[in-house]
Each structure stands twice: as structure tokens, then as C-alpha cells.
Amino acid sequence: MSQKGNLAELNKISAKLTKETLEKILAAECNETDVKLTDWDFGDASAKGDSYLTVVNKVKLNGLANGTPVQTDIVIKSLPQNLGRRKTYRSTVFFRNEVAFYTKIVPKFEQFLKSKNQAHILRVPRHLKSFVDGENDYLILENVCNLGYGPITRQNCVNMEQCTVILEAFATFHAISFAYKDQNKEKFNEIVTHLEETYFSPKYWDWYKRFHKRLLGIATHALATEYPNSEALKRFTSYKFGSLAERCYKICDSTNAPTSVVNQGDSWAPNVLVRDVKGNKQEALLLDFQLARCVSPILDLTFFIYSCTDKALRERFNEMLKIYHNKLSSIITLLGSNAEKLYSWETFMKEVKEHFFYGIVFALEAVPFTMLDDTQVFDLDTLIKGDEEVNIDDVWALGNLEAQWKRLRLADIIVHGVENGFL
């Protein structure tokens, strides 16, 4: 049910979000000074299961500029009203990190690209307004659907054409970071201090431990059922509990490594939107920077490949790596830096060997979620009662995968990792 011009509805999103704020956004978006906001239309919020960490509303602003009707569409991300859910999923930490990305990182990248006449290659939603105090947080972005962007796929896995578009989008994003770091080292080191590790850190082990154990059990069951007595099963079950997470902690703590750049952090297909452009091509835009971090670009690459491709497509694994690295190199060069010096093919492949395990560990969580049908998604506001946090394992109560195609989808990731020496 949409809400028109309802101040109570606005206050539900944030006590700090006012009609005046929306009026200023409408004026700026319409490039007018004398604007009166007449009403705002809150469309349906994100569906259950679409976003566990925050609430997303699409809002239409209507007004008059010198008597002429004006309108703009925005997206407002805010903290869940359910305090138990907010605390359980550490929403304020993720929120603070995403706002830091939009307010500390993006303006510097934009400035840099403008100086190179390449402003158009950073494709993320425009930041319009944000507020962070840990209680009334909100983030207002342009609604990029109006620019023709939409989901790349509604399937669990991408095809090679879609895969290429996404690989090149991440390569471009990482290349901007590489070139900026190369040409503005001190400034880069300063701005990335505003990003914090929101997921893979020892301080969150107690938060993640029980759920991680559940995920390992689901993966082991899938492997044992589909590939009994296999090398992959032996290798996977040989790891001491907690050691895979520890390896992820270590790599996510390497902010100062020479090859560490800004990562999107949650690099699966739902966080990439595309639009058609001339010549039957597509261009992609990246969304959702709640897990943004400064690490090896391999982390975005491996999570995308393992969470969004199937076994058949991974037959073209080397081709995927080349597509990514070629695009990365060409953009670094375009921006005036030496791609061979910053991230040669040899350095890249060395990091593939060292860091690709990360995508397997993160996919153990992501892939079972992508295979839930609509009746199985978790409605957190129903499951979490009261104002106190609960253990995420009590909420995300995933079970063993019952369908063979689902077990294979998960097990084949581990098999690929073992066969390639990543695990």
C-alpha cells in the first residue's frame, strides 16, 4: 500500500528525515530554486528476503516549481524499525560503511575521473543525502531504474554474455581504484580508512560461528551425497572448524597490501544492474556497498564467479580471468597509469592462487540463499520478536539441500576449488 505525503510514514523511516530534506532534493534534481513539495508517494518497501540488513523504499516526489509540476524518483535506504532485527544483523555497522563509501570514496574518485575526462566510467547511483547517528540513519540515492537500468538476470546463474558484462564492470571499478591509488597514494590511504570490515573479522566470530557451522554441514552433506569418497570431500572435511573463516579474516585485514583496492564487497549478480546502449551492448552499474572494503580485487572476482556461475560455465574459467584482467589493464592505462607495473598478469594469477578460496567460503552462505524459493525466504520482522538481538543461526535456519540440482550447484563449487588448488 503506498503512502502519499504522510509525515508519520516519513518519521517511521527516520526521525531525522524531514519534508524540507525531500523538498531540497526535489529542487536540486529539477535544477530549480523555488520548489514546493506537494506530496510524496512511498511505493512498496523491499520484499521480505530482498534485503536483510536495511529497508529499501522507492519514493516519488511531486512538487511545483513556479507553478509548474515537477517530479523525481529516489531510493531511501534506512535501518529496520524492528530493533531486534537491527541488533541481530548489526545494521548500523553496515549502514555506516555504505554511507562512508558514498561520502568519502566516491567524491574523490569522481574528481579524479573528471580530471581525466572519464567521469562516465564510474557507474554507481548518485548520492543525494545521508544521515548517520546509529539510530536514525538514512541514505538517499537516485532511482537508477529511471535511467533504464534493471536486473541482469532473475536466474540463479548467469550466461557467458551476462558474465562478461559483470566481469568488465568490476574490472572497471577496480581499475579506477588502482589508478587513483597510484597517482594519489596518500589521499587513497586516507580515504580507505573510512571503510571498516563489516563481515570477516575475528571480532564477529561469535556472531557468525554457529551459522558458519551450519553452512559447513550443508556443504558437507551435498558433497558426501553427490561426490562420496572424493578428493574434494576429503579435502573439505580436513579443515579444522574455524580455519576457513580465519583465512578470510586474514585476507580481509590486508588493507595496506600493494594490490589492495576498493572492493564492492558483495559482488554477486543481484547487485549489478544493466541497461542497453547503442550497438546492441549493455553497460552495468554497481549497487549496495555495505560490505565495501580495501583488499585484493580477487575477493570481488572470486565471490562473483562462485556465487553466480554454474559448473558448465566454469569450464571457461581461464577465459573469465582473461576478460577481467584485459579490461582492468585497459582502464588503468586509459587513466594514465602503468597497468603492467600495478597489476601484471603474473601478479594477478599469483593472487588468484592465493585468494580464490575466499569466494568458496562466502559462497557457502550465498548459494543456499539464492536457491530458496519464495515460500522459504526469511521474513525477519516476523521471526525476530522483541528488541534484543538473537543468534543469526536461530533465524537463518537453513537445512540440507533436498534437490539434487541444488546439492550439485553447491558441491561443484568446492570440487572446482579443490581441482584448481584453491582449497
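Are Tyr89 and Trp396 buried or exposed? Both are buried, where buried means under 20% relative accessible area, exposed over 50% and partly exposed in between, with a 1.4 Å probe and protein chains only. The model is a predicted one, so to speak, with local features needing pLDDT of at least 70 and side-chain atom pairs pLDDT 80 or more, while totals for chains, interfaces and linings use all residues. Residues are numbered from 1 along each chain as its sequence is written, and side-chain values use heavy atoms, with hydrogens and water left out.

Now to the rings. Tyr89 and Trp396 make a tilted aromatic pair, 4.8 Å centre to centre with 55 degrees between the planes; rings of Phe, Tyr and Trp (its six-membered ring) pair if their centres lie within 6.5 Å, with planes under 30 degrees apart stacked, over 60 edge-to-face and the rest tilted. Because Tyr89 sits in the loop between helix 3 (83–88) and helix 4 (91–115), and Trp396 in the loop between helix 16 (392–395) and helix 17 (404–419), the pair ties together parts 307 residues apart in sequence. Helices (H or I, at least four residues) and strands (E, at least two) are DSSP runs, numbered from the N terminus. Tyr199 and Trp207 count as edge-to-face, because their planes stand at 90 degrees, with ring centres 5.6 Å apart. Both of these are buried too. Arg90 lies over the face of Trp207, at 4.0 Å from the ring centre; for this, CZ of Arg or NZ of Lys must be within 6 Å of the ring centre and within 35 degrees of the ring normal.

Trp396 turns up again in the largest nonpolar core: of its 128 residues, Phe101, Phe356, Tyr358 and Trp396 touch the most other members. Such a core is a set of buried Ala, Val, Leu, Ile, Met, Phe, Trp, Tyr and Cys residues joined through side-chain atoms within 4.5 Å. A second, separate core has 20 residues, including Leu10, Val35, Val59 and Leu61.

Strand 6 (residues 138–142) has five of its five residues buried, so it is largely enclosed by the rest of the structure. Strand 4 (residues 68–78) runs antiparallel to strand 6, joined by five bridges, and strand 5 (residues 127–131) pairs with strand 6 in the antiparallel sense over four; pairing takes at least two DSSP bridges. Leu141 of strand 6 is the bridge partner of Val75 and also of His127. Strands 5 and 6 form a hairpin with six residues between them, and Gly134 in the turn has a positive phi of about 85 degrees.
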